[in-house]
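Hi there,

Here is the structure I promised to pass along.

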Amino acid sequence: MLNEKESMEMKSFAMIFFFIAFVVPLHLADDVVPLPYFHDVLFHSQRYLNMRSECFDTSTRRRNCRKICLPAFLILGIAKGGTSALFKFICKHPNVVCGKKELGTLSPDKALGKFPSCKLKHNDITGAMWRPAENTMQFLRQSQGGLKGILIFRKPDEWIYSAYNFWCHSLLEKHCSRGGWVTNTMNRSPEHFHSVLTEMCVNLTMRYMPAQCPLRAPYSYVKIYRKWATQLGKENLFVTTTERLFADGLGVLSDIFEFLQLSPFGNKSTFLEAVNVNSHKGVNALSDHDKGLGGTIKPMLPVSRRILQRKIDYYNFIKELSELTGLNLSEWW
């Protein structure tokens with residue numbers, strides 16, 4: 001016979017086994033499709049007919065909303081590049097149903113649960129700012145028969161200046177967590193930016209950011225474009241600029257709706273409303289949409305712009321990206 005200690009150990013083992021074998025799978029079935037079974041579940045689930053979006057009935061795996069719909073488009077821009085305004089304007093279309101904007105690099109089992117699948121009607125589509133892994137991107141592209149990507153670039157010198165105004169840095173603030181926002185905007189000004197640029201960032205280039213420089217390195221737009229053009233195909237990638245979006249909202253959105261095979265929608269006033277620049281991060285102010293992104297902050301000094309553009313080899317940068325994308329970026333930059 002087992003002694004008391006051995007009996008307790010056997011009971012503990014039995015409870016752990018029961019929890020792993022039965023409780024955990026039931027919990028997973030409530031909310032998400034377990035990642036290892038993601039592709040298999042969708043391929044073997046009943047597909048909803050008469051839906052423009054590719055949607056599946058996953059009732060065998062989920063107990064709440066049984067429908068999972070794949071996104072028709074992904075916003076592939078960068079932070080401080082106008083992605084929030086772009087997403088907001090795209091979602092104004094009556095056949096675009098949106099949920100959470102930013103899904104980051106969430107795995108598919110978690111990300112797909114964020115899309116408002118149960119709200120989609122037969123002619124609706126959905127999308128978000130999501131950067132899935134390459135194998136998931138390939139699956140989405142094959143399933144949707146042409147997943148669309150919308151890529152928005154901001155003038156690189158303006159992006160650096162905007163990042164300086166909105167993100168804190170440990171070299172400029174005593175208390176700054178990684179990715180934190182400026183809490184005291186009095187510490188930011190065109191004159192202060194100029195001193196940072198000329199005194200702390202002497203060796204700054206497009207490809208090199210010195211450790212003692214508190215400015216953020218600009219993203220490699222060329223690499224970003226090549227990555228998404230390769231994964232999605234150039235024909236499934238729409239590229240625009242932040243500056244064009246804020247100067248001609250109706251024109252940009254009309255082109256995007258056509259790209260997404262949606263009916264025309266809106267007029268000039270539809271995309272000229274006030275945009276909240278930052279409701280809870282840094283500057284708390286409203287900027288009229290047609291005044292451009294960052295309209296609540298003072299512009300960079302002309303001399304600072306010249307120095308910065310020289311450091312990042314601005315005109316060769318524009319030339320290379322224009323040739324790659326087929327856009328005349330000098331028209332907007």
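Below is what I found, from the whole chain down to single residues.

This is a predicted model, in which local features need pLDDT of at least 70 and side-chain atom pairs count only at pLDDT 80 or more, while totals for chains, interfaces and linings use all residues. Residues are numbered from 1 along each chain as its sequence is written, and side-chain values use heavy atoms, with hydrogens and water left out.

The protein chain has 12 helices and 10 strands; these are DSSP runs numbered from the N terminus, with helices being H or I of at least four residues and strands being E of at least two. Of its 333 residues, 47% are buried. Here buried means under 20% relative accessible area, exposed means over 50%, and partly exposed lies in between (1.4 Å probe, protein chains only). Among contacts (heavy atoms within 4.5 Å) with a separation of 6 or more, 66% are between residues 24 or more positions apart.

Which residues of α12 are buried? They are Tyr314, Phe317, Ile318, Leu321, Ser322 and Thr325. Seen down the axis of α12, these buried residues fall within an arc of 125°, so they line one face of the helix; the arc is taken from the directions from the helix axis to the C-beta atoms. The cover over them includes β7 (148–153), α6 (156–166), α8 (221–232) and α11 (302–311). On the face turned away from the buried side, α12 carries the exposed residues Tyr315, Lys319 and Glu323.

Both flanks of α12 have a positive phi to look at. After the helix comes Gly326, with a positive phi near 80°. In the loop between α11 and α12 sits Asp313, a residue other than glycine with a positive phi near 50°. Asp313 is partly exposed, at a relative accessible area of 42%. For background, most residues other than glycine have a negative phi.

Lys80, in the loop between β4 (73–75) and α3, also has a positive phi, about 65°, although it is not a glycine. Lys80 counts as buried at 16% relative accessibility. One of its contacts is Ser162, which lies in helix α6 and is buried with a relative accessible area of 2%. Leaving aside neighbours within four places in sequence, Ser162 touches Lys80 and Arg154.

Next, a helix pair: α7 (residues 190–200) packs against α11 at an angle of about 35°, with the axes 10 Å apart. The axes are lines fitted to C-alpha atoms over the stretch in contact, and angles run from 0 to 180 degrees between N-to-C directions. Their crossing is left-handed, meaning that the near helix is turned anticlockwise from the far one by less than a right angle. Phe193, His194, Leu197 and Thr198 of α7 meet Val303, Ser304, Ile307, Leu308 and Lys311 of α11.

Finally, Pro94 lies in the loop between α3 (83–90) and β5 (102–104) and is exposed at 54% relative accessibility. Pro94 and Leu262 are 168 residues apart in sequence and 9.6 Å apart in space, C-alpha to C-alpha.

Best wishes
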